[in-house]
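Me: I would like to go through this structure step by step. Could we begin once it is on the screen?

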Amino acid sequence: MQLCNNKVADNGTSAQPLQEGKSMVDSLIKVVACYRHLASCVGGCTDSSSLRLDLRQTRERAQALALSCRNHLTARLRDKNLPEDRRKETELLWVAFSSCLELLHADMCKVFSMVKHFSLAGNSTMVNTGIQGGTTEVAARALSLPDLQESNDSTQTSNMESQEQSQLEQEIAQVDRTLEDMELKVNVLRWTVEAQGPQYADPISSDSASLALLSIDEEAAERFCDRSQMFMAMMLCGVAMFAVVLSVCVVFLA
């Protein structure tokens, strides 16, 4: 009679969704980092209609990834049969995901505010930040696309800008609602989640090496003390000789 090792199969099955969650969170982190880089260029000398297009495409990609991450991690954390070690790793992913989503929300609010002050349609004066080059290549790498076509239309009307601002405002509200909904569905306290991974590497040392370093320090300190004592003795002898010579001169001159 053959025996089947179902435990190994179960572990492999439970590990696969965890790897999928890690991949999705890593992708979201890269896209949000790209959006932050693009957001820092709004109002600068590299600001253009092409940058605004890259911002919109990157933002849409980030929101799609955030939706997939939320559904995946929520289903995992609400599973009562999830093993304890898998749950801890999933909670780490949840903290990373929620923190990343908060950064995206903050950058979206920043872009919304900056676009109102630096309008392309109103020919606003941009800040000369000294940055050169375009941002299309950065957005293409973050979106995992071979290339992004730059916007051929260099002009942007005020109507187009107002529509984009209205759309961005709705997306900001949507991300805000998503953050609130996440807290209601899954109650993961961030300060209770312990980070796991390689610790900071301590310098390689042994007891003998430590003792050798200590003995070297003691010898150096002793040599320094001996030199200081000799210097002080020489100074005192010099002062005493000067006092004797001065007193003799006073007696003979008197």
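Me: Among contacts in the chain between residues at least 6 apart in sequence, what percentage join residues at least 24 apart?
Reply: The figure is 82%. Please keep in mind that this is a predicted model.

Me: How many helices and how many strands does the chain have?
Reply: The chain has six helices and zero strands. Read from the N terminus, the order of elements is α-α-α-α-α-α.

Me: What share of the residues counts as buried?
Reply: Of the 254 residues, 31% count as buried. As for the surface, the chain exposes about 17500 Å², and carbon and sulfur atoms supply 57% of that area.

Me: Now the inside. Which residues of the largest nonpolar core touch the most other members?
Reply: They are Leu28, Trp94, Phe97 and Leu101, in a core of 38 residues. Two or more core residues come from each of helix 1 (6-39), helix 2 (49-77), helix 3 (84-117) and helix 5 (158-185). Helix 3 gives the largest share of this core, eleven residues. As a general point, nonpolar side chains in soluble globular proteins tend to be buried together.

Me: Let us stay with tryptophan 94. Is it buried or exposed?
Reply: Tryptophan 94 has a relative accessibility of 4%, so it counts as buried; the cut-off for buried is under 20%.

Me: And what is tryptophan 94 in contact with, leaving aside neighbours within four places in sequence?
Reply: Its contacts are Arg70, Leu73, Thr74, Leu77, Met182, Val186 and Val188.

Me: How many aromatic pairs does the structure hold?
Reply: It holds one aromatic pair. The partners are tryptophan 94 and phenylalanine 97, with ring centres 6.0 Å apart and planes at 65°.

Me: Why is that pair called edge-to-face?
Reply: The planes of the two rings are at 65°, and an angle over 60 degrees counts as edge-to-face. Tryptophan 94 and phenylalanine 97 are also about one helical turn apart, because they are three residues apart in helix 3. Phenylalanine 97 is buried too, at 0% relative accessibility.

Me: Changing topic: which residues form a nonpolar patch on the surface?
Reply: Val244, Val248, Val251 and Phe252 form such a patch, and together they have about 430 Å² of accessible area.

Me: Where does valine 248 lie?
Reply: Valine 248 lies in helix 6, which covers residues 207-253. With 38% relative accessibility, valine 248 counts as partly exposed.

Terms used: Residues numbered from 1 in each chain as written. Predicted model: local features only at pLDDT ≥ 70, side-chain atom pairs only at ≥ 80, totals over all residues. Heavy atoms only, no water. Helix = DSSP H or I, 4+ residues; strand = E, 2+ residues; numbered from the N terminus. Buried < 20%, exposed > 50% of the residue type's maximum accessible area, 1.4 Å probe, protein only. Contact = heavy atoms within 4.5 Å. Areas by Shrake-Rupley, 256 points an atom, 1.4 Å probe, with all protein chains shown as cover. Core = buried A, V, L, I, M, F, W, Y, C linked by side-chain atoms within 4.5 Å. Phe/Tyr/Trp six-rings, centres within 6.5 Å; stacked < 30°, edge-to-face > 60°. Patch = residues over 30% accessible without salt bridge, like charges linked within 9 Å, V, L, I, M, F, W, Y side chains within 5 Å. Salt bridge = Lys/Arg side-chain N within 4 Å of Asp/Glu carboxyl O.
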